[in-house]
Amino acid sequence: MKTATKLRHGILVVFLSMQVACATDPRNANQMTFEQALAFERQSSGKLRVARAELNEMSREEVRARLLAELTDVTTIVKQTGHGIYVEYTAPDGRLYMWYPGNFVTVGGTWGIADGYTTPRACFKYFGAYHGVTGEFEPNECVSAAQTLSGAFVVDKRPGDIFGLSTGGIPYQKSAGNLPPWPEDWK
């Protein structure tokens, strides 16, 4: 077997074993249904349209300030096609911590605002982020202001590091469809 084929085979075995481990963990019982996911996708499209219209009325400085306010010291539960549901904490110091499906620890990285676009964008750099489905290394991503400010892919968000992701640990190994509940002691 060629090296690339062996690598893909090994990745598939690891991915499938992660799915079995996640599926058997009772904390993964709270799954988003197909109908809920479709409704969420429709709402996301509407939120993006509204945000694009609002951005036309804002200055670059206003957009930048809103992006910073939206991302500083917040835990966000996100659902994106191809990734599933993941949780991300964006710390005030520009570090980020992601609880990604199938992982055993947080994926660390940094976040910031990039001004070199027509409209400022929120940018994220992940250290060693590996997409369990595609097998792709995903080191960088810049997201439009409309996507960030609309909350188009945000299931829910709360101020602070609710799940303690900045410690490097995760509450449990989650599946891609798992919608983790907020801790009961959260205020």
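**Sheet, cavity and accessibility in a predicted model**

In this predicted model, 7 strands make up an open sheet in the order S6-S5-S4-S3-S2-S1-S7, with antiparallel pairing.

Q: What makes S6 and S7 the edges of the sheet?
A: S6 and S7 each have a single partner strand, so one side of each is left without a neighbour in the sheet. On average, neighbouring strands of this sheet are turned by 25° against each other, direction ignored.

Q: How do you know that S3 and S4 pair?
A: Pairing requires at least two bridges between two strands. Leucine 96 stands opposite glycine 109 in S4.

Q: Which strands does H3 lie across, and at what angle does H3 run to S4?
A: Helix H3 lies across S1, S2, S4, S5 and S7. Its direction is at about 160° to S4.

Q: Why is asparagine 103 called buried?
A: The term buried applies under 20% relative accessible area. Asparagine 103 has 18% relative accessibility and therefore counts as buried. This residue lies in the loop between strand S3 (95-99) and strand S4 (107-114).

Q: What does asparagine 103 touch, not counting residues up to four places away in sequence?
A: With those residues left out, asparagine 103 touches Ile170 and Gln173. Such a contact means heavy atoms within 4.5 Å.

Q: Why is arginine 42 called exposed?
A: Exposed means over 50% relative accessible area. At 58%, arginine 42 therefore counts as exposed. Arginine 42 is part of helix H2 (residues 34-55).

Q: How many residues apart in sequence are arginine 42 and alanine 152, and how far apart are they in space?
A: They are 110 residues apart in sequence, and 9.6 Å separates them in space, C-alpha to C-alpha.

Q: What makes a space in this structure a cavity?
A: A 1.4 Å probe fits there but cannot get out. The structure holds 1 cavity of 30 Å³ or more, and about 300 Å³ of space lies in the largest cavity.

Q: Which residues and elements line the largest cavity?
A: The lining has 19 residues, of which Leu71, Val78, Glu88, Phe124 and Val154 lie nearest the centre. Among the elements that each supply at least two lining residues are helix H3 (60-71), strand S2 (84-90) and helix H4 (145-150). The largest share, 4 residues, comes from S1.

Q: What is the make-up of this lining by class?
A: The lining of the largest cavity has 9 nonpolar, 6 polar and 4 charged residues.

Conventions. Residues are numbered from 1 along each chain as its sequence is written. This is a predicted model: local features need pLDDT of at least 70, side-chain atom pairs count only at pLDDT 80 or more; totals for chains, interfaces and linings use all residues. Side-chain values use heavy atoms; hydrogens and water are left out. On a 1 Å grid over the protein atoms alone, a cavity is a set of points where a 1.4 Å probe fits but cannot get out, and a pocket is an open set with protein on both sides within 12 Å along at least five of seven lines; lining residues have an atom within 4 Å of a point. Grid points are joined across faces, edges and corners, and a volume is the space filled by probe spheres set on the points. Ala, Val, Leu, Ile, Met, Phe, Trp, Tyr, Cys and Pro count as nonpolar, Asp, Glu, Lys and Arg as charged, and the others, Gly among them, as polar. Buried means under 20% relative accessible area, exposed over 50%, partly exposed in between (1.4 Å probe, protein chains only). Axes are lines fitted to C-alpha atoms, for helices over the stretch in contact, and angles run from 0 to 180 degrees between N-to-C directions.
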